[in-house]
Amino acid sequence: MQWIAQGFIFRRITSPFHQLDPRVKLLVSIELFTLSLLVGSLPEVIIALSGIFAIASISKILRRISRTLTYTLFFAIIIFSINILVGYPLMDAFVIAVRFLAIVGSTSIFFLTTPPDELELVMKWFRLPRDIVFAFVTAVRFVPVLMMDALQIMDAQKSRGLELQKGNIFSRFRRFIPILIPLIVDAVLRSGDLAEAMEARAYGAVKKPTSLYQLEIGVWGKVATILSITLIVPLAYLFLFLM
Amino acid sequence: MECEYISTLHIERGMVPEERKSNNGLIISFEDRTYSYLNCKEPAIQNINLAISPGEIILIAGPSGCGKSTLLRSINGLIPHMYPGNSSGKVSIDGSSVDETSITEIAKKVGFVFQNPENQIFMFSVERDVAFGLENLGLYHEKIREQVDWAIQLLNIEKLVNRAPHELSDGQKQKVALAGVLAMKPRILILDEPTSLLDPFTALELVEIIKKINQNLGVTILIVEHRLDLLINAATRIICMSKGKILFDGEPRKVLTEKKLPRIGIGIPTITRLHRILNEEKPVFGKIPLSADELATNLKLILK
């Protein structure tokens, strides 16, 4: 459980890709996502996955992205099985399942390399309403807190004799109720405290709040943008019309 | 220099300098304030009359449920703006009625550090969180940078600026929460049980910071604290509450002579208790000591 919890916690890593402007990272992620959508054969899937793993390697997140893809493997297997059942050839079903992994991998690149603070700046750049942006940032900020709360409640209930590993899937789900209820109550109380703290720090005082950080693409950002477009556009053309 | 900067800042924000106000130099005043939460028959605070001058450090003590938090929330406007209920009387901050001023406007003057620091750190990096209040006020980027750096330096948390909240200890979180509030340069600082999650060493460190803020910046500080030992030496005044009322209000030495304190659930400091026991045996001790040093001086005098 602790291992899963760790997967949700963002870690600051110093890598050339991490240091890029979040809009450039988003562009690269969208490009890889588009490429993953366009693949239709095994060589194309291999090219798309290579691109994803190359960026993950530069970003030093190879292990973390592998963990994300391991979770996703379960759904990929389901997709593969359904495609086989509905009569797709084995290779096509395999390509569709792996394409799903590539799609997840391409989006993970952005979320694993962009801290929520930068994500907030990007959302603001897209002129999303302040309240929505703040709700999103707060939700992401409290994921590790709630995960740790869940683990603590789990340990407390286990020490009182609750057995989570026994029984079939339904009884196991029922056994999670004593964990979910205190967790929800705790989250509700926490939201009250958060609201008070927000008010006490002048949330909503002005219509357009300013920001400590400002987005700046920089030279390397421009180079990365040009390089990614130069590589991805011909590849997309190749996937669509030639391969 | 810093105090001058603060007063300039408040004038910039449109606040009237103290001497021009008709509040008799008081920064906080309660006039017969009674408040009860919605659907509650019993008032949380009753007939509170309080006058607080700038620069005081006030320790608020009392058993759980005695109205301490309600009193504090009445100062920063969470009551009645966020918790509408039945209220009478008046609370004024710097001459302005809390009931008629918005919370965001009060937030410019009153900084509030809540009990659990985890629930008041919103952003994903320390630096960004310290800037949160200033961003909300719509200050220019350069001004935010200046005030954030100032608060970070004041709290000595330069090494933490890029850390995420989940990478901080409770003591570090408390410092970050305090920095976030101080960056807004409030004239009043309210701390609700700031040491409740801290180990004794970190708690002492926090007390030293609080003293520094009061002495160097002239900020009026109100602290709710159960561990009187920690803050008794720093406080200029103690307010003891019970069942929504102020029972004792005065200088620490005067309030600590009250024999009713343990009966209403206020744990008196060990040094004071020792002084009482010794005084019962041989009533020759001088003033009530507020620190171990003072007690030692008293004892030396007796032994001579």
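Predicted model: local features only at pLDDT ≥ 70, side-chain atom pairs only at ≥ 80, totals over all residues.
In chain B, six strands make up an open sheet of mixed pairing, in the order 6-7-8-3-9-10. Strand 6 (110–113) and strand 10 (245–250) of chain B stand at the edges of this sheet, and because each has a single partner strand, one side of each is left without a neighbour in the sheet. Direction ignored, neighbouring strands of the sheet are turned against each other by 15 degrees on average.

**Strand 3 of chain B and its partners**

- Strand 3 (residues 57–61) of chain B pairs with strand 8 (residues 220–224) of chain B in the parallel sense, and four bridges make up this pairing.
- Strand 3 of chain B is accordingly described as mostly covered, with five of its five residues buried.

**Domains of chain B**

- The domain assignment divides chain B into domain 1 (2–262) and domain 2 (269–304), and the centres of domain 1 and domain 2 of chain B, taken over C-alpha atoms, are separated by 33 Å.
- To the contact between them, domain 1 of chain B gives eight residues and domain 2 of chain B gives seven residues.
- On the side of domain 1 of chain B that touches domain 2 of chain B, the elements that give two or more residues are helix 9 (228–231) and helix 10 (252–255) of chain B.
- By class, the residues on that side of domain 1 of chain B are four nonpolar, two polar and two charged.

**Chain A as a whole**

- Chain A has 11 helices and zero strands, and its pattern along the sequence is accordingly α-α-α-α-α-α-α-α-α-α-α.
- The C-alpha trace of chain A spans about 60 × 55 × 30 Å along its principal axes, and 27% of the 243 residues of chain A count as buried.
- Among the contacts in chain A with a separation of 6 or more, 79% are between residues 24 or more positions apart.

**Packing of helix 2 and helix 6 of chain A**

- Two packed helices are described by the angle between their axes and the distance between the axes.
- Helix 2 (residues 22–38) of chain A packs with helix 6 (residues 116–125) of chain A at an angle of about 85 degrees, and their axes are 9 Å apart.
- Helix 2 and helix 6 of chain A are therefore roughly perpendicular to each other, since angles of 65 to 115 degrees count as such.
- Helix 2 of chain A makes this contact through A:Pro22, A:Arg23 and A:Leu26, while helix 6 of chain A makes it through A:Glu118, A:Leu119, A:Leu121, A:Val122 and A:Trp125.
- Sorted by class, the contact of helix 2 with helix 6 of chain A holds six nonpolar, no polar and two charged residues.

Terms used. Residues numbered from 1 in each chain as written. Chains lettered and ligands numbered in written order. Pairing = 2+ DSSP bridges. Axes fitted to C-alpha atoms, helices over the stretch in contact; angles between N-to-C directions. Buried ≥ 20, exposed ≤ 12 C-beta atoms within 10 Å, placed from the backbone. Domains from an automatic or database assignment. Contact = placed C-beta atoms within 7 Å. Nonpolar A, V, L, I, M, F, W, Y, C, P; charged D, E, K, R; others polar. Parallel < 35°, antiparallel > 145°, perpendicular 65-115°, else oblique.
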